[in-house]
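Trainee: Could we go through this structure together, one question at a time? I would like to learn the terms along the way.

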Amino acid sequence: MYTVTIYDKSKKYFKTYEHIHTIKYFDLLKDWVSLSGDEILSHNFPCLSNYQLISDYGNYSISKSIIGSIEVEREI
């Protein structure tokens with residue numbers, strides 16, 4: 001599982017999403033990208049895409065309009 005921290009540039013604060021196991025988004029070429037496992041740690045996430053963060057406890061939709069930065073950490 002992974003913790004994803006996104007800087008919300010509209011509200012100027014960091015929002016943390018825990019226990020994420022899959023991240024999905026459309027890239028700039030409109031291809032569907034779905035990442036899970038260790039590939040989440042090594043992927044370069046563009047800030048110009050909308051994201052869907054999926055965990056066992058909930059799913060989160062993040063609009064590209066608020067994303068200032070994205071940080072991913074492996075949970076211990």
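Mentor: Happy to! On a 1 Å grid over the protein atoms alone, a cavity is a set of points where a 1.4 Å probe fits but cannot get out, a pocket is an open set with protein on both sides within 12 Å along at least five of seven lines, and lining residues have an atom within 4 Å of a point. This is a predicted model, where local features need pLDDT of at least 70, side-chain atom pairs count only at pLDDT 80 or more, and totals for chains, interfaces and linings use all residues. Residues are numbered from 1 along each chain as its sequence is written, and side-chain values use heavy atoms, with hydrogens and water left out.

Trainee: What is the volume of the largest cavity?

Mentor: A volume is the space filled by probe spheres set on the grid points, which are joined across faces, edges and corners. Searching the whole structure gives 1 cavity of 30 Å³ or more. The volume of the largest cavity is about 40 Å³.

Trainee: Which residues line the largest cavity?

Mentor: Strands (E, at least two residues) are DSSP runs, numbered from the N terminus. Both β1 (2-8) and β4 (51-55) supply at least two residues of this lining. By class, the lining has 7 nonpolar, no polar and no charged residues; Ala, Val, Leu, Ile, Met, Phe, Trp, Tyr, Cys and Pro count as nonpolar, Asp, Glu, Lys and Arg as charged, and the others, Gly among them, as polar. The lining residues are V4, I6, I23, F45, Y51, L53 and I70.

Trainee: Which residues are the closest to the centre of the largest pocket?

Mentor: The largest pocket holds about 150 Å³ of space. Its lining has 13 residues, and the closest to the centre are F26, K30, S49, N50 and K64.

Trainee: Which strand gives the most to the lining of the largest pocket?

Mentor: The classes in this lining are 6 nonpolar, 3 polar and 4 charged residues. At least two residues come from each of β2 and β4. With 3 residues, the strand that gives the most is β2.

Trainee: How many residues of β1 are buried?

Mentor: Buried means under 20% relative accessible area, exposed over 50%, and partly exposed in between (1.4 Å probe, protein chains only). T5, for one, has its place in strand β1, and T5 is buried because its relative accessible area is 12%. T5 also touches F14, K15, T16, S69, I70 and E71, leaving aside residues up to four places away in sequence; such a contact means heavy atoms within 4.5 Å. β1 is largely enclosed by the rest of the structure because its buried residues number 6 of the 7.

Trainee: Which residue of β6 is the bridge partner of D8?

Mentor: Two strands pair if DSSP finds at least two bridges between them. β1 pairs with β2 in the antiparallel sense over 6 bridges, and there I6 stands opposite K15. β1 also pairs with strand β6 (residues 67-74) in the antiparallel sense, over 7 bridges. In β6, the partner of D8 is I67.

Trainee: Is K12 buried or exposed?

Mentor: K12 sits in the loop between β1 and β2 (13-26). In that hairpin, with 4 residues between the strands, K12 takes a positive phi near 60°. Its relative accessibility is 63%, so K12 counts as exposed.

Trainee: What is the phi of H19 near?

Mentor: H19 lies in strand β2. At 32% relative accessibility, H19 counts as partly exposed. Its phi is positive, in a residue other than glycine, and is near 65°.
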